[in-house]
Amino acid sequence: DQGFGRPDVVLLQCPLLSGLALALSPKALVVSIEDALEHFEGMPRVAIRRFPEMIKRADLVTVTAKRLGPWALARGARRIIHVPNGVDFARFKRPADLPPAPPEYRGIKGPIAVYVGALDEWFDDALLAAAAKRLPQWTFAIIGPPRRRFAALRTPLLRPARCLCRP
C-alpha cells in the first residue's frame, strides 16, 4: 500500500472533492475555506450541501478572511485558524531580490499592478477601470482565465499597452 492506505492529513480545498476526502479516511482532515460557496454561480448544489458536513468533520478549518470564521463556526467548525491572503512586503524591499521581469513588462515605465487569479463574477472590472483612470502612470496586468466578459476593460482608456490581459 506504499503508505497511502490511510493518509495522516488530507487538505481539502475543493468542495467538489469532499467524497474523495472522506473515502481516504485521513487521520486528520483540514478544510481550507477561501469563500462562501453559496455565492458562486454554477457551484453544484451537492457541493454546497456537502461542504458543511466536511466543515463539521474537519479537525482544523483554515479561512482566508476573518469574516469567514463566523461563517465556518455557524456550519460546525470546531477549530479555526485565519491564514490571510497577502504578500510579505519585507521580502520585496530590495530590487535585487526581485525576479527578472517577464518580457511583456520590459520597457514599461512606472509602477505595475499585477492581479493573478480567477476572473469571475466577483472580479470588479469597473473598479479596475476607475483605478486605471485615476492612476494613469500605472500599468495593470491581469493574468487569469476569464470566465465572463468584462465590458469596463474594453475601453480606449485601457488599451493593450496599459492593461496586459492574458489567460
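I counted 4 helices and 7 strands in the protein chain. Helices here are DSSP runs of H or I with at least four residues, strands are runs of E with at least two, and both are numbered from the N terminus. The model is predicted, so I note that local features need pLDDT of at least 70, side-chain atom pairs count only at pLDDT 80 or more, and totals for chains, interfaces and linings use all residues. Residues are numbered from 1 along each chain as its sequence is written, and side-chain values use heavy atoms, with hydrogens and water left out.

**Overall.** I read the order along the sequence as β-α-β-α-β-α-β-β-α-β-β. Next I checked burial: 30% of the 167 residues count as buried. Buried means under 20% relative accessible area, exposed over 50%, and partly exposed in between, using a 1.4 Å probe and protein chains only.

**Cores.** I looked up the largest nonpolar core, which has 18 residues. Such a core is a set of buried Ala, Val, Leu, Ile, Met, Phe, Trp, Tyr and Cys residues joined through side-chain atoms within 4.5 Å. Leu-29, Val-31, Ile-33, Phe-51, Ile-55 and Val-61 touch the most other members. At least two residues each come from β1 (9-12), β2 (28-33), α2 (45-57), β3 (60-63) and α3 (68-73). Another core, of 7 residues, lies apart from it; Phe-123, Leu-128, Ile-142 and Phe-150 are among them.

**Val-30.** I found Val-30 in strand β2. Val-30 is buried, at a relative accessible area of 15%. What does Val-30 touch, not counting residues up to four places away in sequence? I listed Val-9, Val-10, Leu-11, Leu-12, Leu-60 and Thr-62. Contact means heavy atoms within 4.5 Å.

**Helix α4.** Which residues of α4 (residues 125-134) are buried? I noted Asp-125, Leu-128, Ala-129 and Ala-132. They share one side of α4 because they cover an arc of only 100° around the axis. That arc is taken over the directions from the helix axis to the C-beta atoms. On the other side of α4, Leu-127, Lys-133 and Arg-134 are exposed. The cover over the buried residues of α4 includes β6 (139-143). At the start of α4, I saw a side-chain oxygen of Asp-124 reach to within 3.4 Å of the backbone nitrogen of Ala-126.

Methods
A polar contact is a pair of N or O atoms within 3.5 Å; within protein, one must be able to donate a hydrogen and the other to accept it, and residues adjacent in sequence count only if both atoms are side-chain atoms.
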